[in-house]
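This briefing concerns the structure displayed below.

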Amino acid sequence: PIFHGAEATELLLLNQAFTHQVVTPGEFIIRRGGQAETVYFLIKGMLHIFDEQEIKLAELFEGSIVGEVAMLLGCAHTFDAMASTTCDVLCLDIVDFRRMQSAFPTFTARLERRAAVLYGPNWRVDGDPRQGIPTNTGPGCLPVVNPLKPP
């Protein structure tokens with residue numbers, strides 16, 4: 001559904017940009033605190049989403065997208081995403097993600113509409129109290145910490 005109504009040229013560019021990855025059970029594709037560098041489109045399998053206490057927050061199935069909110073907001077992830085079965089994922093790295101945003105503003109608009117449906121209309125500014133995320137950092141985001149710069 002996320003690509004419903006997309007232009008043929010947009011779909012062609014996406015097809016060229018995607019890389020395929022097989023993720024084995026127990027393998028993490030996203031780690032809490034890691035900078036968003038890839039958006040994952042789950043084609044087959046199941047992923048589990050965990051918070052910092054390793055409490056399972058969600059199960060994601062075919063058709064799910066993971067990592068797009070942190071990528072849109074340019075921040076670090078607030079969760080871990082682990083394969084619970086063998087998964088086939090299509091990966092869109094940050095360079096190609098930004099290229100898609102530049103070339104096709106509707107690409108960004110569709111992802112933003114999806115985020116608003118999942119997280120509410122204030123998804124860009126509302127924190128997630130379940131995960132101890134303060135207001136104005138956005139769901140799925142932690143402030144990016146530069147390990148080379150003292151706090």
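**Phenylalanine 107 and the nonpolar cores**

Phenylalanine 107 touches Phe3, Glu10, Leu14, Leu92, Phe97, Met100 and Gln101, with residues up to four places away in sequence left out of the count. The model discussed here is predicted. Phe107 also belongs to the largest nonpolar core, which has 22 residues.

- Within this core of 22 residues, those with the most contacts are Leu92, Phe97, Phe107 and Leu111.
- Two or more residues of the core come from each of helix 1 (8-17), strand 3 (38-44), helix 2 (68-73), helix 3 (94-103) and helix 4 (105-119).
- The most is given by helix 2, which supplies 4 residues to this core.
- Another core, of 15 residues, lies apart from it and includes Ile29, Ile30, Tyr40 and Leu42.

**The chain as a whole**

- The chain holds 4 helices and 8 strands, and their order along the sequence is α-β-β-β-β-β-β-α-β-β-α-α.
- The chain has 151 residues, of which 44% count as buried.
- Of the contacts between residues at least 6 apart in sequence, 73% join residues at least 24 apart.
- The accessible surface of the chain is about 8300 Å², and carbon and sulfur atoms account for 58% of that surface.

**Helix 1**

- Glu10, Leu13, Leu14 and Ala17 are the buried residues of helix 1.
- Viewed down the axis of helix 1, these buried residues fall within an arc of 100 degrees, and therefore they line one face of the helix.
- An α-helix has 3.6 residues a turn, so residues three or four places apart point the same way.
- The face of helix 1 turned away from the buried side carries Ala8, Asn15 and Gln16, which are exposed.
- The packing partners of the buried residues of helix 1 are strand 1 (19-23), strand 8, helix 3 and helix 4.

**Helix 3**

- In helix 3, the buried residues are Asp96, Phe97, Met100 and Gln101.
- Seen down the axis of helix 3, its buried residues lie within an arc of 145 degrees, so they line one face of the helix.
- Val95 and Ser102, on the other side of helix 3, are exposed.
- The buried residues of helix 3 pack against helix 1, strand 3, helix 2, strand 8 (87-93) and helix 4.
- A side-chain oxygen of aspartate 93 comes to within 3.1 Å of the backbone nitrogen of valine 95 at the start of helix 3.

- Threonine 38 is located in strand 3.
- Threonine 38 counts as buried because its relative accessibility is 17%, and buried means under 20%.
- Setting aside residues up to four places away in sequence, threonine 38 touches Val66, Gly67, Met71, Cys91, Leu92 and Asp93. Among these, Leu92 is one of the residues with the most contacts inside the largest nonpolar core.
- Glutamate 68 is located in helix 2.
- The relative accessible area of glutamate 68 is 3%, so this residue is buried.
- Apart from neighbours within four places in sequence, glutamate 68 is in contact with Val39, Leu111 and Arg114. Of these, Leu111 is listed among the residues with the most contacts inside the largest nonpolar core.

How values were computed:
Residues are numbered from 1 along each chain as its sequence is written. This is a predicted model: local features need pLDDT of at least 70, side-chain atom pairs count only at pLDDT 80 or more; totals for chains, interfaces and linings use all residues. Side-chain values use heavy atoms; hydrogens and water are left out. A nonpolar core is a set of buried Ala, Val, Leu, Ile, Met, Phe, Trp, Tyr and Cys residues joined through side-chain atoms within 4.5 Å. Buried means under 20% relative accessible area, exposed over 50%, partly exposed in between (1.4 Å probe, protein chains only). Contact means heavy atoms within 4.5 Å. The arc is that of the directions from the helix axis to the C-beta atoms. A polar contact is a pair of N or O atoms within 3.5 Å; within protein, one must be able to donate a hydrogen and the other to accept it, and residues adjacent in sequence count only if both atoms are side-chain atoms. Accessible areas come from the Shrake-Rupley method with a 1.4 Å probe; for residues, only the protein chains shown count as cover.
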